Structure formats: structure tokens, C-alpha cells
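Subject: Structure handover

Hello,

Here is the structure I promised to pass on. Please open it first, then read my notes below.

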Amino acid sequence: MQSENLIPLKNFCLSHELKFSFIETLQHYGLVEVTNVEHISFIHDSELPKLEQLVRLYRDLDINFEGMEVITNLLRQMEEMHDEIIRLKNKLAAYENG
Amino acid sequence: MDFVDYYKVLGVDKNASQDDIKKAYRKLARKHHPDLNPNNKEAHKLFQQINEANEVLSDPEKRKKYDEYGKEWKHAEQFEKAKQSSSHQHFGGTERQGFSGDFEGGEFSDFFESLFGNMGRGRKSTQSKFRGQDYQAELQLNLSDAYTTHQQTLTIDGKNVRITIPAGIENGQKIKLKGYGAPGVNGGPNGDLFITFNIINNTKFRRDMNDLYTSVDIDLYTAVLGGEITIDTLNGKVKLKVNPETQNGTKIRLKGKGFPVYKNEGHFGDLFVTYNIKTPTHLSQKEKDLFTELSRLRTK
């Protein structure tokens, strides 16, 4: 993993005016993956959209951590079903076109 | 630009209390929040309206101004100037926390801008940095083009972006272009652009993952006696040996003649060929006699 792909959590919390305990709780619920390098906590930049979405759910909609976990799981299921529909449509089209 | 009835947007009456407004807003926001409605443009639009209605109605000063001038929004500025010069009152945007609204930069309608101008955006100054929204786009590609790695130029927000499409890309597959989404809010990073490939089959082959399927016609004599035929693949023509006494519907596999494996250069799936044996038609008398003789040989 390259260091330029890691974002220090301290910076993230400062920029979003969040307490570090918020991230720790998200980590506890398995909602974000935190990487520790030499006692410093980072998140990988690929985790950033997910983390920001969680911040929005928390701030905008007053969703608690249990709710965020449920929503995250349901959104993932929706995405998987969406991909499955595309795959099935492809297969169907292939058979229909002979 | 039309008058926007913020009370109607939130489904509350004009005497609604701050608590009623907050409740109505929360309820609608939970239903239409873009994070809960991915790829739903209608929900996105509704959310912006709800957000805007809340921006006005939850702020007593803005609400007062809206109630006073709402329908006369075209003249609101003149009213306001006249009022200020007579009483030196100041209409200031109170800073408060609302939706972080990073969806397309927390856009407001022209009506809102006309009535409140920049002052209406008081909350923006308290916002933290947010990454811009991700864009979703669809790109059509012919199956024959998906066979080879190639470059394509796309125009995104007026900018030309040259992308490399690796051979073997699947129909429905998504690729991410980092930073080509909506601009970040308050200096946050740009979102990403996700391109979903819609692959149109312009070939006679059926594709299933990395394998290709096709059928070829062979004449009865080649099927019975064996021989050699030439068939098309996506990579040119190949010669095939047909075994004697080949049955109709026989399927053969040509290893490595299928579709390229995505991001695995030099690796290909297989091509499956099904033989359709064509029975001769318009037989001459001599052919009929010979087939009759063959038939007799079989039934002896």
C-alpha cells in the first residue's frame, strides 16, 4: 500500500469537525476500515466516499450507528441486486438474439 | 422562474410551528436523501427542493421575508431596500447548521436566489469540506471493439478525457475515473465518474464471460465423409477438420479462440462451435436414385 493513498484520520476529523470517537465507533461496527502505520491512524482513500456517506447519514438524517449499519447493508444488497439484474439481462438478451 | 410554495413542498400549513417543520423535513429527507436513493435523479431533485424549503422555513427571519414577499419575489429587493433605508434594519443570514447538502453543491432554485441572494446562503460558511458527488454515465461499445484494448475520448463537462478501455470488458461493468465527478464543496475533493459499459453485440457470436459461441452450417457430404471447413473467429479465419460421420448439433471447442480475459493480457476464453448439418434440397433424379440406393444399403 502506498503512503499517498492514505489519509490521516486526524486531518479528516479536523476538516469535518468530527470527534475521533465517531470514527472509532464506526470501526467498531465494521463500517470503516482504519489502517494504522507507526501508531498513526489512516483511512485508505478508497474508503473516503463510504466514510463521507456515513457522516452525511449521521448529520443529515440523525441516523444512529445501528441504523447506519442496516442502511449500509441494504445499500450493498441493492447494488448487488442491480448488478445481478444487469447480468441476467445480458444473458437473456444473448439467448433472445440466438 | 416560478414561485415555489415551500409550505407545499414540506406538506405543512402556513401556521406550522418550527417543530412541525422540522418533523416534516426530517420525514421527507429520510425518504428522498440521495444517499438512500443512489442513481435516482428524481429523488435528488426532490431532496434539493426539500432542503431549500427547510432552509427558508426553519429560519424565522427568512420565513418572515418569504411570507411577506414570497409571491412578490420579483420586487422583493426593492421592498427590502426601501425598508432598510427607512428603518436601517439589517436582514442577515443567521448561521446555522442544516443539511451538509454536498449534492451538486447544495444547489438552490433561481427563485431562492432571487429572494435571498447570497445572504440566504449563511449556512455555507459553517460547512465542512465535502467530496463532490459521483457521476454515473453509460458508454455504448460494440462487442467487436471490446475485443481489443483501445482508447476513446469522452467529453465530460466540456473537457475531453481520453480513457483506455481494456480488452475483455464485460457488459454492465463499471470503471471509475477518479476526480471526474462533481466539484468538491468548500474545497473538498472532486467526486468520481463511474462509467457503465453497455456492450452491443454486433457479431454473430454469443458471449458468455470469456467464452464465445457460434454455429456453422456444414453440408451433408462433409458431415458424412469428413473434410475441412473455414470458419470466422473474432480474430480472423481458422480452418477446422470435420470428422467423418459428424452428427447434427455436434459441439466442438476451439481453445483460446474466445474473448480476451479482462486485464489478463494474452489469455483468452474458448470458442464453441455447433455444427448445423444442411440437408441438400432440389435433388436431381440421379441424386434421388443414389440416395434411394444408399437407403436400401442401410435397411438390408
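First, a definition: a crossing of two helices is left-handed if the near helix is turned anticlockwise from the far one by less than a right angle, and right-handed if clockwise. Next, the ground rules. This is a predicted model, in which local features need pLDDT of at least 70 and side-chain atom pairs count only at pLDDT 80 or more, while totals for chains, interfaces and linings use all residues. Residues are numbered from 1 along each chain as its sequence is written, with chains lettered from A and ligands numbered from 1 in the order in which they are written.

**Helix pair in chain B**

The crossing of H2(B) and H3(B) is left-handed. H2(B) covers residues 18-32 and H3(B) covers residues 41-57. Helices here are DSSP runs of H or I with at least four residues, strands are runs of E with at least two, and both are numbered from the N terminus. The two helices pack at an angle of about 165 degrees, their axes 9 Å apart. Axes are lines fitted to C-alpha atoms, for helices over the stretch in contact, and angles run from 0 to 180 degrees between N-to-C directions.

From H2(B), the contact uses Ile21(B), Tyr25(B), Leu28(B), Ala29(B) and His32(B). H3(B) brings Ala43(B), Leu46(B), Phe47(B), Ile50(B), Asn54(B) and Leu57(B). Contact means C-beta atoms, placed from the backbone, within 7 Å. By class there are 9 nonpolar, 2 polar and no charged residues. Ala, Val, Leu, Ile, Met, Phe, Trp, Tyr, Cys and Pro count as nonpolar, Asp, Glu, Lys and Arg as charged, and the others, Gly among them, as polar.

**A sheet in chain B**

Chain B has 9 helices and 11 strands. Four strands form an open sheet in the order E6-E7-E11-E10, with mixed pairing. Strands pair if DSSP finds at least two bridges between them. E6 (206-208) and E10 (251-254) each have a single partner strand, so one side of each has no neighbour in the sheet. On average, neighbouring strands are turned by 30 degrees against each other, direction ignored. E6(B) and E7(B) run antiparallel, joined by 3 bridges. Arg206(B) stands opposite Tyr213(B).

**Where the chains meet**

20 residues of chain A are in contact with 19 residues of chain B. On the chain A side, H1 (9-16), H3 (48-61) and H4 (65-96) each supply at least two residues. H3(A) gives the most, with 9 residues. That side divides into 8 nonpolar, 5 polar and 7 charged residues.

**Details in the loops**

Most residues other than glycine have a negative phi, and most peptide bonds are trans. Asp62(A) has a positive phi of about 55 degrees. Asp62(A) sits in the loop between H3 and H4 of chain A. Asp62(A) is exposed, with 11 other C-beta atoms within 10 Å (exposed means 12 or fewer, buried 20 or more, partly exposed in between, with C-beta atoms placed from the backbone). Lys263(B) also has a positive phi of about 55 degrees. Its loop lies between E10 and E11 (271-278) of chain B.

Regards

Key
Two residues are in contact if their C-beta atoms, placed from the backbone, lie within 7 Å.
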